[in-house]
Amino acid sequence: MNTVLPSPLLRLGLRLDAILSLAAAAAVPLLLVPLSVALGFSREQMILIAAFMFGWAALTGWMGGQARLPAWSVWLAIAVNVEWAAASLLLPAFGWITPNALGWTLLVAQALGVLVFAGLQWLGLQRSERIGAAAAAIA
């Protein structure tokens, strides 16, 4: 298993992802009714999104604080971010959620933001030092 020593850029990408995901998730229970009305999402959809984002914030926050990470876990974070961005645009396009104009604006903005996180994480991974399984077991 390849292990990486996270670069400062990778740590930044993971931590920013965690902080902004936590902030967005925390806003949902506090503003559930006004947000669901303003964006055109059901309350249930908002709660599911917030639940995922709380878990995601915990995971990426934890990852951002680790001295070493399995390379696959960073690739997973990048893939989830890309998938989240794609789902943000495809779910309404296929009618699975029905945002209003403000909701669409938020979805497009957050999809772009999530792609920025994925890009930071990818660049950060490229700048991270890789150590092999034997070296990781010794250290």
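Which residues lie nearest the centre of the largest pocket? Hold that for a moment. A word on the source: this is a predicted model.

Ala-24, Ile-49, Met-53, Trp-84 and Gln-110 lie nearest the pocket's centre. They belong to a lining of 30 residues. The volume of this largest pocket comes to about 710 Å³.

Let me step back to the whole chain. It has 139 residues, and 35% of them count as buried. There are six helices and three strands. In sequence order the pattern reads β-α-α-α-β-α-α-β-α. The C-alpha atoms fill a box of roughly 55 × 25 × 20 Å along the principal axes. Now the contacts. Take those between residues at least 6 apart in sequence: 79% of them join residues at least 24 apart.

Is Trp-84 buried or partly exposed? Its relative accessible area is 23%, so Trp-84 counts as partly exposed; the cut-off for buried is under 20%. Look at what Trp-84 touches, leaving aside neighbours within four places in sequence. The partners are Ile-49, Phe-52, Met-53, Gln-110 and Val-114. You have met Ile-49, Met-53 and Gln-110 already, as residues nearest the pocket centre. For distance, take Leu-120: it is 36 residues from Trp-84 in sequence, and 15 Å away C-alpha to C-alpha.

Next, the cores. The largest nonpolar core has twelve residues. Among them are Val-4, Leu-10, Leu-14, Trp-56, Met-63 and Leu-125. Helix 1, helix 3, helix 4 and helix 5 each supply two or more residues to this core. Which helix gives the largest share? Helix 4 does, with four residues. Apart from this core lies another one, of eight residues, including Leu-32, Met-46, Ile-97 and Leu-107.

Val-74 is one of the twelve in the largest core. Beyond its neighbours within four places in sequence, Val-74 is in contact with Val-4, Leu-10, Met-63, Leu-69, Gln-121 and Leu-125.

Ser-73 is also worth a look. It lies in helix 4. Why does Ser-73 count as buried? Because its relative accessibility is 10%, and the limit for buried is under 20%. Thr-3 is 70 residues from Ser-73 along the chain, yet their C-alpha atoms are separated by 9.5 Å.

On to helix 1. It runs over residues 8-30. It has 23 residues and reaches 33 Å from first C-alpha to last, close to the 33 Å expected at 1.5 Å a residue. Which of its residues are buried? They are Leu-9, Leu-10, Gly-13, Leu-14, Asp-17, Ala-18, Ser-21, Ala-25 and Val-28. Keep the helix geometry in mind when you read that list. An α-helix has 3.6 residues a turn, so residues three or four places apart point the same way. What covers those buried residues? The cover includes helix 2, helix 3, strand 2, helix 4 and helix 5.

Pick Gly-13 from that list. Its relative accessible area is 0%, so Gly-13 is buried. Not counting residues up to four places away in sequence, Gly-13 touches Phe-117, Leu-120 and Gln-121. Gln-121 also came up as a contact of Val-74. Ser-88 is another matter: 75 residues from Gly-13 along the chain, with 20 Å between the C-alpha atoms.

Last stop, Leu-35. This one is in helix 2. With a relative accessible area of 24%, Leu-35 is partly exposed. Its contacts, neighbours within four places left aside, are Ala-27, Val-28, Gly-40 and Met-46. Of these, Val-28 is on the buried list of helix 1, and Met-46 belongs to the eight-residue core. Compare sequence and space for Leu-35 and Leu-9: 26 residues apart in sequence, 33 Å apart C-alpha to C-alpha.

To close, one line to take away. The largest pocket has 30 lining residues, with Trp-84 among those nearest its centre, and Trp-84 itself is partly exposed.

Terms used. Residues numbered from 1 in each chain as written. Predicted model: local features only at pLDDT ≥ 70, side-chain atom pairs only at ≥ 80, totals over all residues. Heavy atoms only, no water. Core = buried A, V, L, I, M, F, W, Y, C linked by side-chain atoms within 4.5 Å. Buried < 20%, exposed > 50% of the residue type's maximum accessible area, 1.4 Å probe, protein only. Contact = heavy atoms within 4.5 Å. 1 Å grid on protein atoms, 1.4 Å probe; cavity = no way out; pocket = protein on both sides within 12 Å on 5 of 7 lines; lining within 4 Å. Points joined across faces, edges and corners; volume = space filled by probe spheres on them. Expected span 1.5 Å × (residues − 1).
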